[in-house]
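The sequence and structure come first.

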Amino acid sequence: MSSANAWLLDVGDGRQVAIGQRELIQIMDAQDSFEVPLAPAYMREVIFWQKRAVPVMQLPVRLGGKACTGNILALVAFHDAVSNTAGLGAIHLAAPPVRVLVDDKQASTLDEPGWGDMAISCFEQQGQSIPVLDLSRLFAAIH
């Protein structure tokens, strides 16, 4: 049986997601973000990190829910399949990330609609289905 470490992210509005252990780069203060007029409601903010503009995602808003009101951002890195480069993004969090160990026995189906183009898999943690984010698709320029 296979197992892996992951980060469990509380993105607000009663939702939790997971990302790979090495995808979380840094935890930041959301007060350092800037609003971008006319951007989609779920990605209306940017932060600046090491001279790069980084988009900030409100996952609950993307799924039709209420925005996360926490002051924590998770800076994440991924392989951007569109440009074939390293990409950066940030996700609003309601609470600090929690490291979890996930194994094959926890694999489950994703029962909530809307995650199809954002999640690569799903696992069950304490009776809740947790989508594992595909950060490349989540932050890709085509979205």
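The points below are grouped by topic.

The model is predicted: local features need pLDDT of at least 70, side-chain atom pairs count only at pLDDT 80 or more, and totals for chains, interfaces and linings use all residues. Residues are numbered from 1 along each chain as its sequence is written, and side-chain values use heavy atoms, with hydrogens and water left out.

**Sheet**
- Six strands form an open sheet with mixed pairing, in the order β3-β7-β8-β6-β5-β4; strands are DSSP E runs of at least two residues, helices H or I runs of at least four, numbered from the N terminus.
- β3 (24-29) and β4 (34-35) are the edge strands, each with a single partner strand, so one side of each has no neighbour in the sheet.
- β4 and β5 (residues 45-49) run antiparallel and are joined by two bridges, where pairing requires at least two DSSP bridges.
- Phe34 stands opposite Val46 in β5.

**Aromatic rings**
- The structure holds two aromatic pairs (ring centres within 6.5 Å; planes under 30 degrees apart are stacked, over 60 edge-to-face, the rest tilted).
- Phe78 and Phe139 are stacked, because their ring centres are 5.7 Å apart and their planes at 15°.
- Phe78 is in strand β7 (residues 72-80) and Phe139 in helix α2 (residues 135-139), so the pair ties together parts 61 residues apart in sequence.
- Phe78 is buried at 9% relative accessibility (buried is under 20%, exposed over 50%, partly exposed in between; 1.4 Å probe, protein chains only).
- Phe139 is also buried, at 9%.

**Around Gln58**
- Gln58 lies in the loop between β6 (52-57) and α1 (59-62) and is buried, with a relative accessible area of 8%.
- Beyond four places in sequence, Gln58 touches Tyr42, Glu45, Ala67, Cys68 and His92 (heavy atoms within 4.5 Å).

Methods. Phe/Tyr/Trp six-rings, centres within 6.5 Å; stacked < 30°, edge-to-face > 60°.
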